[in-house]
Amino acid sequence: MHFFTCCALLLVVVTLPTCFVQAGPIKDQCMAAAGITAQDVANRHETDDPGHSVKCFFRCFLENIGIIADNQIIPGAFDRVLGHIVTAEAVERMEATCNMIKSETTHDESCEFAWQISECYEGVRLSDVKKGQRTRNHRG
């Protein structure tokens with residue numbers, strides 16, 4: 001995985017504030033529900049298929065941060081969840097690209113759908129992060 005993609009995903013998965021809850025506890029809850037570790041998530045691109053449990057982690061995570069519901073992307077969700085962190089151009093690009101992904105209605109397919117959405121959202125680049133956020137997130 002490219003360095004900038006990794007940074008952007010870490011920004012989303014680890015530090016993303018949602019309406020009332022931090023993404024960190026949601027991430028931990030979803031890893032426990034899926035029966036996986038942070039290392040499993042980190043290693044997801046080492047094989048062609050990361051496995052059903054990893055894909056279902058992303059379903060849980062994206063549902064709980066308000067990106068997807070009922071096997072669909074919630075309209076405006078990317079902007080609502082990440083708009084304060086990334087540029088308007090990034091929001092438009094991600095919504096135009098990722099909102100084209102559709103899901104079947106079965107539970108197993110919802111995990112695959114969430115995986116496809118998460119891969120699409122990894123298209124956020126470090127250059128998409130707003131300057132004030134980029135500086136704030138790089139401080140030790």
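This report covers the disulfides and the nonpolar core of a predicted model.

Residues are numbered from 1 along each chain as its sequence is written. Local features need pLDDT of at least 70, side-chain atom pairs count only at pLDDT 80 or more, totals for chains, interfaces and linings use all residues, and side-chain values use heavy atoms, without hydrogens or water.

**Disulfides**

The structure holds three disulfides (pairs of cysteine sulfur atoms within 2.5 Å). Counting bonded cysteines along the chain, the pattern is 1-3, 2-5, 4-6.

| Pair | S to S distance |
|---|---|
| Cysteine 30 and cysteine 60 | 2.1 Å |
| Cysteine 56 and cysteine 111 | 2.0 Å |
| Cysteine 98 and cysteine 120 | 1.9 Å |

The link of cysteine 98 and cysteine 120 is left-handed, with -95° about the S-S bond. Cysteine 98 lies in helix H6 and cysteine 120 in helix H7, so this pair ties together parts 22 residues apart in sequence. Helices here are DSSP runs (H or I, at least four residues), numbered from the N terminus. Cysteine 98 is buried at 0% relative accessibility. Buried means under 20% relative accessible area, with a 1.4 Å probe and protein chains only. The link of cysteine 56 and cysteine 111 is right-handed, at 100°. Both of these cysteines are buried.

**Nonpolar core**

A nonpolar core is a set of buried Ala, Val, Leu, Ile, Met, Phe, Trp, Tyr and Cys residues joined through side-chain atoms within 4.5 Å. The largest one has 37 residues, and Phe57 and Ile67 touch the most other members. Helices H2, H4, H5, H6 and H7 each supply at least two residues of this core. Beyond four places away in sequence, isoleucine 67 touches residues including Leu62, Phe78 and Tyr121 (contact means heavy atoms within 4.5 Å).

Notes:
Buried means under 20% relative accessible area, exposed over 50%, partly exposed in between (1.4 Å probe, protein chains only).
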